[in-house]
Amino acid sequence: MNRSSGWMPGWIGAPLLLWGWQTGFGGVAIVLAVLLEGSRWVRFDWRLEPRLVHRWADFSALLMLLSLMYNYKINNIESPVIGLLRHLPMVLLPLMVVTAYGSEGRCRLDTLLVSLRKIKDGSGLRQISLALPYAGICLAAAGCSRFSNPWYFVLATLWVAWVLWSVRSRRYGVLIWCCCLLISAGGGWALHTGLHHLQSWLTLAAPEWLSDWMQVPDRRRSAIGDVGQLKLSDRIVFRVRQVTLPWQYPLLLRDASYSYYVDNGWQAALSRYVPLNPVGQSWSVDGSAGSAANIVQVYKSFSADVGWLPLPLGTVRVDDLSARQVERDQYGTVKASGVAGVGSYTARYELGESLEPPPGKWDLHIPKEEQAVLARVVEELGLGSRPPMEVLTGLSRFFQERFKYSTWLTREDEGQTALSDFLLKTRSGHCEYFATATTLLLRQAGIPSRYAVGYSVQEEQGGQNMFIVRARHAHAWSVAYVDGAWRNVDNTPPDWSAVEEQGAAFWVPLLDLWSDGLFFLQQYFEHGVSVAWVPELSWLALLFGLILVRKHLLRLRRVRRHAVVSVEGEQPPFARIEHYLAGIGKGRHPGETLQSWTERIQDPQLVLLMQMYYPLKYDPCQFNNTIDFNNLLHDLDIWLFDIKKNYKK
Amino acid sequence: MKSSIKHRSRFECLLGAWLLPGFRRFYSLNWRFYRRHTPAGRGLLLAMLATAILGVDTDQALVYQLFSLLAALWALAWVMLPFGRVQVGVRRILPPFVCAGESFSYVIQVDNPGPGWQKDLRLLEDLEDPRPSYVEFMAAREPGEALRNGFDRRVGYHRFVWLMRSRERLRCQETLLDPVPPGGRIRAVMNATARQRGPAHFVGVTVARPDPLGLIRALVRIPRPQTLLVLPKTYPLPARLQLPGVRQHQVGGESMAYSVGDAAEFVSLRDYREGDSPRHIHWPSWAKTGKPVIREFREEYFTRHALILDTFCPFGGEVFEEAVSLAASFAAVTDDGEALLDLLFVSNQAHCFTMGRGVSQSRQIQEILAAVFPLPDQPFAQLTALVMHHVAAVSGVLVILLAWDGPRQELVRGLTQLGIPVRVMLVVPEEASGSPVDLEPLGEHPEGLIQLVAGRVAAGLASL
């Protein structure tokens, strides 16, 4: 037996120790190194069937999955893949131990590739040694450290040289080989230093390039100008609890604000995000230490590392938010980093107005192609010279009286812009039309304004001021700068939510039930290890359940197919015997089982036949059904023939 | 559109024309990659790729340092590749023929005319390019293709892979050469496996020289075109499986035979008896006497057998190859001195090898069988007509069929009605093995049909 199968002593141990030194798993690394390197000297022979080796490999795969989930949800410091790589030497240990101590010292290809396990006789499959790949993984895992350590490169080079020594060409002398290796090591050193500097330089330089090139990095496309049915999902996006009263209805939670309208879309012109200063898990949005009387709690699970925070206008502070960094741009958009897995946060806000930074030149910008129609409408309404509050009232009346909400998008005059078509011809549209028109008309009337997107909180559920926010509650409105403060201006007809609700699917209550279950679990584990695991675990449980159901259905179908073969559309195999024995006074009583009947008759051969029949009847999958069944029928015929002959005698 | 690719839709043809160059290029790159890199080099490239992905962010981990080291090693191996010179001459010594499915060895003689030792060299064979042309790719039908999903059927990658495998006649292993002294000569034993029957074309020999690190190889190609015939695989035939129509209890000897089959000279006339062949009626005597009269011939020593191989199938595959192997098995062993298997009907041609007693015809038959290919677009009736044209010279017929449909039954029925003993070997795929067979065409000898299942032909023959 040759357990080393292609690897020399130390090839695994050395990178394992380096991994332990670099990542802080020193103790574990020593144990692993001794365990794996010791296999070549220990005589213990752990011979396992391929099926059991597969189980060990599956166990490693499961550990890998768990490690990935852990790094995805818990470890916010680095990327999940890097976190997984750091754990790989431990994760792969079961598989490595079973191959190192197995009699073969190698593993068959179907151990790693599940698809090959369908092959009945896998003895002809290729066998591979995992030692060197595992050692390479350990070496890479040792590099999963943020802290630059020159010894990593040196030791990695020595290990690679050690491995390459065994495959060097005998055509050349040792001196040439050493020179090549030294030159390579020098080149590698220069290359990795250069790469690191290049990335540092790009990190600093790239945002400036992008900003200069694109002018406006943050942009949002709207459905303005599209034709057809606008339909949004009924999925619950997040939940809101209004902690303090009075309750403003509907509460508008803003995701982002935009200032520059171009090509039927809105952009945040030259958006500059400024980090907010944290105090524990509290983040002051307006930069002051003050508080506000109104409180709203948002239950939202962020799937990505970076996300916008839906907040009411006038938010002063965000509490209970576990984030790496929170930033705000000059338009009031708040962006949080390192929030993957965060379950909820609390916003304190002033009702009705916001003391965000004053407007800039972009807040009065009107695209050239829209200027004529906007001027015409403003002139018709006589808004040009009226005070701001009267302008707001006039515009509100204008939209309420002459426009209607519709999710069916049409164009009457393709020669005009979509907004002109909306204002002059169709006079119906969805919230983006109303918000865009309001924003631009306000600007035409001299009032700085912005286009805001977010959600309208309006569907209460279960009392206690709990509200659910669905994807179809996504909304757009305007934010106007009036009397030294920003305030929401929503001119979309109030029946818009009713119109949206009309198209709700009949299975929405089921989806809600599922979502409620998840939310309940999240709340239940709120103080547990991590609430953010719950959705993934739930989906996993659902997936697992579906697999089980499918497996069961397949098994059922197989059993039925075998059952069809076994009965062959005829009477049960013992029927003729029952009929004959009934004729000679040994019939089967009603309700008497076949087993008890044959035992009562006390014929050992018949009992034996019954014992053959039961497995075929109740567990047909375990047998070569057709052959066994035909054999049974044959034996029953012989038995019946014999019993008839004896009875006649 | 060519007739051979009529079964493909226009969309499939366009898709094939677009995808096939990609498949061909992918195969070519893969082939070059494997020849150019040593196993260590391949492992290094794989590790380089992995560390490039994992180390893309140099602020997250130090894995990029490992990538840099591996990249530097790989680059240096390329830089060092031109330094060094290989100056050798090669001569390949092949066996006359090999059988499909067998591993064999042959020799390559390597000369070193240069002043220095040649060490750490490897020999690789350059075989004919197995990549199919567009028409071949579109015309081919992979066995079981209908069972594949729509995407796989239309894209045809599995078909491409199957075609590549089926066109690969030989698989040659590379061989590490012993050091060749200056002005010296060595003989390298090459190991190969014959995978498919047919002529295997060698294009040349490649001599590979590694770089100092042992990662990449410099390749020197020496043209040495040669051809090796791979004969079909054969099966052992059971002793009791005799050819039909063998004459026994001969009183004469070889010297009595002036020809094969029924001799032209007859010895007497007699009255017709039931069961006599109508071919032997003496028509002038019948005209004179008014009742049928039969000619009696001198029975000769040799009898002539014909082998009919059915090649009229839409595409090749396991069943077709099994049928060819079965035919080759009969051709290889039928040399009992009592009968000649020297008339071969294959495709739409008849081949006659009457060269006297001996085995010379066996090789010739096998060579023809080595090169036989399916005829997808031609009717089976062609073969029936050809056989009927030559039927007068035949004492017994062995028919190897791929199906048991109307035209094939018609051939067997026609032969049986002419009184010619027929043995039918029907090779069927696994899924059709249980279906019933109509034995009516065999007349009074239904035992003359033997059904064999592709993939289990050897076991089927052994059970006879």
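Figure 1. Arg239(A) counts as buried because its relative accessibility is 4%, where buried means under 20% relative accessible area, exposed over 50% and partly exposed in between (1.4 Å probe, protein chains only). This residue belongs to strand S5 (residues 236-242) of chain A; helices (H or I, at least four residues) and strands (E, at least two) are DSSP runs numbered from the N terminus. Leaving aside residues up to four places away in sequence, Arg239(A) touches Gln297(A), Val298(A), Tyr299(A), Gln461(A), Met466(A), Phe467(A), Ile468(A), Ser515(A), Asp516(A) and Phe519(A), a contact being heavy atoms within 4.5 Å. This is a predicted model, in which local features need pLDDT of at least 70 and side-chain atom pairs count only at pLDDT 80 or more, while totals for chains, interfaces and linings use all residues. Residues are numbered from 1 along each chain as its sequence is written, chains are lettered from A and ligands numbered from 1 in the order in which they are written, and side-chain values use heavy atoms, with hydrogens and water left out.

Figure 2. Rings of Phe, Tyr and Trp (its six-membered ring) pair if their centres lie within 6.5 Å; planes under 30 degrees apart count as stacked, over 60 as edge-to-face and the rest as tilted. By this rule there are 29 aromatic pairs over all chains. One of them, Phe137(B) with Phe160(B), is edge-to-face, with 6.3 Å centre to centre and 70 degrees between the planes. Phe137(B) lies in helix H4 (residues 134-139) of chain B and Phe160(B) in helix H6 (residues 157-167) of chain B, so the pair ties together parts that are 23 residues apart in sequence. Both Phe137(B) and Phe160(B) are buried. In chain A, a single aromatic cluster is formed by Phe398(A), Phe399(A), Phe403(A), Phe422(A), Tyr433(A) and Phe434(A).

**Figure 3. Charges over rings in chain A.** A charge sits over a ring if NZ of Lys or CZ of Arg is within 6 Å of the ring centre and within 35 degrees of the ring normal. Lys335(A) lies over the face of Tyr273(A), 4.2 Å from the ring centre. For Arg450(A) over the face of Trp486(A), the distance to the ring centre is 3.9 Å.

Figure 4. Two strands pair if DSSP finds at least two bridges between them. Strand S15 (residues 396-401) of chain B is mostly covered, with six of its six residues buried. Gly396(B), Leu398(B) and Ile400(B) point one way from S15(B), and Val397(B), Val399(B) and Leu401(B) the other way. S15(B) pairs with S16(B) in the parallel sense over five bridges, and Val399(B) has Val424(B) as its bridge partner in S16(B). Strand S16 (residues 422-428) of chain B is also joined to S17(B) by five bridges, the two running parallel. There, Met425(B) stands opposite Ile450(B). In strand S17 (residues 449-453) of chain B, four of the five residues are buried.

**Figure 5. Interface of chain B and chain A.** The contact takes 35 residues from chain B and 42 residues from chain A. About 3200 Å² is buried between the chains, and carbon and sulfur atoms give 65% of this area; buried area is the accessible area (1.4 Å probe) that two parts lose on being put together, summed over both. In chain B, Gln60(B), Leu62(B) and Pro212(B) lose the most area to chain A, together 21% of what that side buries.
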